[in-house]
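This report describes the architecture of the model shown below.

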Amino acid sequence: MVRIYVVDNGGQWTHREWRTLRDLEVDTKIVPNTISFTDLLKDNVDGLVLSGGAPRIGLESDLGNCSEYLEKAGFPILGICAGHQFMARFFGGEVEPSKVPEFGKIELTLLKEKDMLFEGVSKKSIVWESHNDEVTLLPNEFELLAESENCKIQAMRHKKKPFYGLQFHPEVEHTEYGERIFKNFVKICRK
Amino acid sequence: MFDAEKFIEKAVPKLREEIQGRALIAFSGGVDSTVCAALVNQAVGDQLIAVHVDTGYMRKNESEHVKKMMSSMRLNFRFVDASKDFYDALKGVEDPEKKRKIIGNKFIRCFEKVAKDEKIKCLVQGTIAPDWIESGGELRDTIKSHHNVGGLPEDMELRLVEPLRDLYKDEVRKVARVLGLSVSERQPFPGPGLAIRVIGEATLEKTEIVREACDIVEKEIERAVEKGLMERPWQYFAVLIPIKTVGVHGDKRAYGYTIAVRAVQSVDAMTCKYSDISHEVLDDISTKITNTLGDKINRIVYDITNKPPGTVEWE
């Protein structure tokens with residue numbers, strides 16, 4: 001059984017991420033973002049989801065111990081919303097308040113369809129959003145995977161490590177291919 | 001996938017362990033508290049007392065219906081009419097968070113009174129995941145204080161038992177179906193009731209208006225669903241907006257409040273789309289409300305906001 005923990009950054013949908021993983025029969029639990037990396041290793045996790053949350057990443061410095069996980073992990077990490085923004089900033093990108101914040105239903109366009117995380121996802125699909133800030137400068141070591149009309153960095157991945165960031169929310173019911181994206185992430189963790 | 005049978009298998013012995021002595025359950029008659037009551041009833045039987053509080057902010061005929069249901073489930077129950085108390089406590093209160101906290105507090109005081117009389121120390125609540133998620137605390141922002149979480153008084157003396165904390169509504173419904181409970185498909189109704197469907201001060205006069213309007217919206221939509229004109233929404237109701245606009249009734253000027261009709265599609269209430277209701281059905285709702293409520297209401301609007309950015313209820 002693959003083991004993926006959800007790191008809680010205080011999001012409204014953290015528990016939904018846990019539920020989606022549990023429904024996919026993943027061994028999962030929600031852990032506070034203050035858990036040490038050593039404790040994660042002790043539990044032999046196969047992957048992490050960094051949840052979203054109310055903190056304004058562009059304006060605030062920390063997100064618990066998330067930087068430690070990003071620095072030391074060899075296993076896959078999926079950052080969602082604030083988790084994605086934090087990942088971008090950690091690797092040298094920039095996060096700023098969105099010119100046009102997105103809430104609710106948005107059309108996502110894939111720029112690189114062959115990536116494993118988006119296997120089986122249409123070039124254009126409906127995703128659900130809820131953000132005031134966004135990544136405005138992609139970190140050097142990352143490549144861009146998807147965009148929307150008002151937010152150019154909707155999905156990114158590290159070129160060498162299995163780290164992904166998503167601005168939209170694959171965990172909620174109304175995101176068209178949400179479960180598919182989670183399934184793909186589970187597959188990536190299983191490798 | 002969530003397995004309701006397995007959940008019940010685990011929950012019943014766990015409840016038996018958690019509940020020492022007698023317990024009281026806060027029983028609104030909705031899906032969550034009914035499922036909770038059935039589970040606790042299986043676990044400890046006669047040790048359980050179900051308490052229903054009529055807050056005065058219930059839907060039309062609701063408390064009567066709940067009384068019948070409690071008898072048919074063979075629950076040992078108490079019925080508390082606290083409507084005067086609730087109306088007095090909300091007098092002059094306009095802020096939605098204050099309203100929710102006052103209501104949460106009042107509920108607990110009612111339960112404490114019964115608990116004291118019956119020498120009970122444990123309170124069972126049908127709290128589900130969105131309740132504590134939206135109530136916030138620590139890292140999480142408060143979206144709204146659910147009466148059963150963020151509205152609890154700090155000096156509460158009862159010990160809480162919440163067997164459904166990690167479940168969402170669709171999962172609670174699955175448990176209800178396995179338990180054979182008739183409420184399994186009932187639409188959600190918030191604990192603070194109609195008090196948060198009157199924007200601003202929830203006076204008796206405005207509450208009576210919104211009670212009638214909610215009843216009309218429910219009946220008209222259910223009729224349309226039966227006729228196959230639309231899919232059953234997740235939740236559907238009326239909200240009274242205390243803004244008066246001008247109308248004309250029988251060649252005379254009218255000046256009444258506004259009713260907003262809200263209907264959404266969802267699975268778990270964490271995200272919602274507004275329902276695609278045909279104009280024909282909206283037309284029936286509008287005509288019925290304005291003709292029933294006469295000079296009190298002369299404008300009806302339909303809420304076309306998704307969640308996010310909106311929430312299901314307006315307050």
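**Chain A: overall form**

The model is predicted. Chain A comprises nine strands and five helices. Their sequence order follows the pattern β-α-β-α-β-α-β-α-β-β-β-β-β-α. The C-alpha trace of this chain extends over about 40 × 35 × 30 Å along its principal axes. For 191 residues, a compact globule would have a radius of gyration near 16 Å; the value of 15 Å for chain A agrees with this. Of the 191 residues in chain A, 51% are buried. Among contacts in chain A with a separation of 6 or more, 73% are between residues 24 or more positions apart.

**The sheet of chain A**

Nine strands of chain A build an open sheet with mixed pairing, in the order 2-1-3-4-9-8-7-5-6. Its edges are strand 2 (30–32) and strand 6 of chain A, each of which pairs on one side only. On average, neighbouring strands of this sheet are turned by 25 degrees against each other, direction ignored. Helix 1 of chain A packs on the sheet and touches strand 1 (4–8), strand 2, strand 3 (47–50) and strand 4 (77–80) of chain A. The direction of helix 1 makes about 175 degrees with that of strand 1 of chain A. Helix 4 (residues 82–90) of chain A lies across strand 3, strand 4, strand 5, strand 6, strand 8 and strand 9 of chain A. With strand 4 of chain A, helix 4 makes an angle of about 115 degrees.

Within this sheet, strand 8 (residues 155–158) and strand 9 (residues 163–166) of chain A run antiparallel and are joined by three bridges. A:Ala155 stands opposite A:Leu166 in strand 9 of chain A.

**A loop residue: A:Thr28**

The loop between helix 1 and strand 2 of chain A contains A:Thr28. Is A:Thr28 buried or exposed? A:Thr28 has 24 C-beta neighbours inside 10 Å and therefore counts as buried, the threshold being 20 or more. Leaving aside residues up to four places away in sequence, A:Thr28 touches A:Ile4, A:Tyr5, A:Val6, A:Trp18, A:Leu21 and A:Arg22. One of these, A:Trp18, is 10 residues from A:Thr28 in sequence and 6.6 Å from it in space, C-alpha to C-alpha.

**Chain B: two domains**

Chain B is assigned domain 1 (4–185) and domain 2 (197–302). The C-alpha centres of domain 1 and domain 2 of chain B lie 28 Å apart. Contact between them involves 13 residues of domain 1 of chain B and 12 residues of domain 2 of chain B.

Chain B holds an open sheet of five strands in the order 3-2-1-4-5, with parallel pairing. Strand 3 (77–81) and strand 5 (159–161) of chain B are its edge strands, each pairing on one side only. The twist from one strand to the next averages 30 degrees. Strand 1 (residues 23–26) and strand 2 (residues 48–54) of chain B run parallel and share four bridges. B:Ala23 stands opposite B:Leu48 in strand 2 of chain B. Helix 2 (residues 31–44) of chain B packs on the sheet, where it touches strand 1, strand 2 and strand 4 (122–124) of chain B. The direction of helix 2 makes about 165 degrees with that of strand 1 of chain B.

| Strand pair | Direction | Bridges |
|---|---|---|
| Strand 8 and strand 9 of chain A | antiparallel | three bridges |
| Strand 1 and strand 2 of chain B | parallel | four bridges |

**Helix 8 of chain B**

Helix 8 (residues 204–226) of chain B has 23 residues and reaches 33 Å from its first C-alpha to its last, close to the 33 Å expected at 1.5 Å a residue. Its buried residues include B:Lys206, B:Arg211 and B:Glu220, as well as B:Ile209, B:Val210 and B:Ile216. The cover over the buried residues of helix 8 includes strand 6 (235–249), strand 7 (252–265), helix 9 (279–293) and strand 9 (297–302) of chain B. Just after helix 8 of chain B, B:Gly228 adopts a positive phi of about 75 degrees.

**Contacts between the chains**

Between the two chains, 19 residues of chain A are in contact with 17 residues of chain B. On the side of chain A that touches chain B, helix 1 (14–23), strand 5 (94–110) and strand 6 (124–137) of chain A each supply at least two residues. Helix 1 of chain A provides the largest share of that side, four residues.

Terms used. Residues numbered from 1 in each chain as written. Chains lettered and ligands numbered in written order. Predicted model: local features only at pLDDT ≥ 70, side-chain atom pairs only at ≥ 80, totals over all residues. Rg over C-alpha atoms; globule rule 2.2 N^0.38 Å. Buried ≥ 20, exposed ≤ 12 C-beta atoms within 10 Å, placed from the backbone. Contact = placed C-beta atoms within 7 Å. Expected span 1.5 Å × (residues − 1). Pairing = 2+ DSSP bridges. Axes fitted to C-alpha atoms, helices over the stretch in contact; angles between N-to-C directions. Domains from an automatic or database assignment.
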